[in-house]
Amino acid sequence: MVRDDLYITVPSFFRCPISLDLMKSPVSLCTGVTYDRASIQRWLDSGNNTCPATMQVLQSKEFVPNRTLQRLIQIWSDSVQRRVDSSESATRRPVVLSQDEVKDIIRVAISKNEDFSENLTKIVAFAKESDENKTFLAKFDGLVVMLVEMLSNFNDVNMLKQVIRVLDLILNKIEDQQHLINLILKRDQDCLNSLLLVLKQQESVDSRIESLRLLEFIAVDADSKVKIAERDGFLAATVKSLSLDSDRRLIGASLSCLITISSSKRAKTKLINHKLITELGKLITDGHNGNGNGSGNSNGNGSGNGTVMITEKALRLVEILSTTKQGRMEICQDAALLNGVVQKMLKVSAAATEHAVTILWTVCYLFRDQTAQEAVSSSNVLTKILLLMQSNCTPAVRQMSADLLKIFRVNYKSCLASYDTKTTHIMPF
């Protein structure tokens, strides 16, 4: 990586032996050699049955995440980012306009209908400077209307990114938010197309996150949610953002938006058809542990709290999809996903516990799916339920846990009585 006079050498053991790039999601083969997930997957998908580095014939093509290396890469990446940020702040601090200068620029653009696009970068820098500036822009008469018109008329992706960034920065400062929602929905065809165009720009993570936040903001009722879900390409682009190689912030924003728009049965069906359950299973069981240790994706810059939030949202979406017959069928056939749900019953958060227990209760108790029951039975679920019922869980979780114990042919009252010892139990929360 090179940035002007700042040269950074990537340690050799952080590089993938295949691509020679910094590994985003390191995984190890049975030979003990670690590769980036995307690179080794392409190697194996091409029909190869050997380890690229050693040329040994693979006894198994399975690979496991290298958590230790992933954490080391994250620590190193964070330190590099701090150096880059420090260098940039010292040498390239932008000149921020005053409120009077911004006022003149906006008034001229509105009154004389002049091109405002060349000033968007200056407006973004002005908004980022302080909350006071954000409020100033949000209250400026005519600015929001002009921004929505630009959002619906621009074809230039870079200009669209700047418009969306300004709207995202002032969103929470706008007093009449319903007015903004109505403006965007009034031009839904053009505005949604623009948001989707930015969402598909793979190289711009921040812009994609801002587009998702704006989409979530306008999804206030059944009609608007359907319009967004039915927009051709939106669900595919959003589900694709859940890849384990994606930025953790992007994954969180994608999950939040999908939760918001997934209320209708049609939206749930489309999400299932886009293999959302498969992607959620990967998030729950693999790259984002949700155990609070912060060992997530190496190119995200979140913390353990961000990982917990991703786990909570992924479980919430699985819970939502379990309300449909098609969703339950896919969940029940995915033993790895069910095992992951069982593992997330404890040691994540109260919200994750409730979502996980609700999923298991739905497929194992309410609908009595035999395949799901067998998969869950093999995951040491009884011990976890017993621990959970002794914790400070909600009455609803306690009742669902009791129902699950009955399903697994255990009399929970006698079981709890026999479990009553003088031992002091340290609860995981």
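**Close-up A. Arg368 lies in the loop between helix 19 and helix 20.** Arg368 counts as partly exposed because its relative accessibility is 47%; buried means under 20% relative accessible area, exposed over 50%, and partly exposed in between, with a 1.4 Å probe and protein chains only. The model is predicted: local features need pLDDT of at least 70, side-chain atom pairs count only at pLDDT 80 or more, and totals for chains, interfaces and linings use all residues. Residues are numbered from 1 along each chain as its sequence is written, and side-chain values use heavy atoms, with hydrogens and water left out. The loop of Arg368 runs between helix 19 (350–366) and helix 20; helices (H or I, at least four residues) and strands (E, at least two) are DSSP runs, numbered from the N terminus. Arg368 has a phi near 50°, a positive value in a residue other than glycine.

**Close-up B. Gln373 is shown within helix 20.** Helix 20 spans residues 370–377. Gln373 is classed as buried because its relative accessibility is 12%. Leaving out residues up to four places away in sequence, Gln373 touches Cys364, Arg368, Ile407 and Phe408, where contact means heavy atoms within 4.5 Å. Cys364, one of these partners, is itself buried, at 0% relative accessibility.

**Close-up C. Asn380 occupies the loop between helix 20 and helix 21.** Helix 21 covers residues 381–389. Although Asn380 is not a glycine, its phi is positive, about 55°. With a relative accessibility of 46%, Asn380 counts as partly exposed.

Close-up D. Three bridges join strand 3 (residues 26–28) to strand 4 in the antiparallel sense. Within this arrangement, Ser28 stands opposite Thr34 of strand 4.

Close-up E. Arg37, Ser39, Ile40 and Leu44 are the buried residues of helix 1 (residues 37–45). An α-helix has 3.6 residues a turn, so residues three or four places apart point the same way. Gly47 follows the helix, with a positive phi near 95°.

**Close-up F. Leu137 is among the residues with the most contacts inside the largest nonpolar core.** This core has 114 residues, and Phe116, Leu137 and Phe234 have the most contacts inside it. A nonpolar core is a set of buried Ala, Val, Leu, Ile, Met, Phe, Trp, Tyr and Cys residues joined through side-chain atoms within 4.5 Å. With neighbours within four places in sequence left aside, Leu137 is in contact with Val102, Ile106, Ile123, Phe126, Ala127, Leu143 and Ile170. Another core, of 19 residues, lies apart from it and includes Cys51, Leu69, Ile73 and Val84. In soluble globular proteins, nonpolar side chains tend to be buried together.

**Close-up G. The cysteines form zero disulfides.** A disulfide is a pair of cysteine sulfur atoms within 2.5 Å. For Cys30, the closest cysteine sulfur belongs to Cys51 and is 7.8 Å away, too far for a bond. Cys30 counts as partly exposed, at 46% relative accessibility. For Cys364, the closest cysteine sulfur is that of Cys332, at 7.1 Å, again too far for a bond.

**Close-up H. Ile209 is a buried residue of helix 10.** Helix 10 comprises residues 205–218, and Ile209 has a relative accessibility of 5%. Apart from neighbours within four places in sequence, Ile209 is in contact with Arg249, Leu250 and Ala253. Ile209 and Cys257 are 48 residues apart in sequence and 10.0 Å apart in space, C-alpha to C-alpha.

Methods
Two strands pair if DSSP finds at least two bridges between them.
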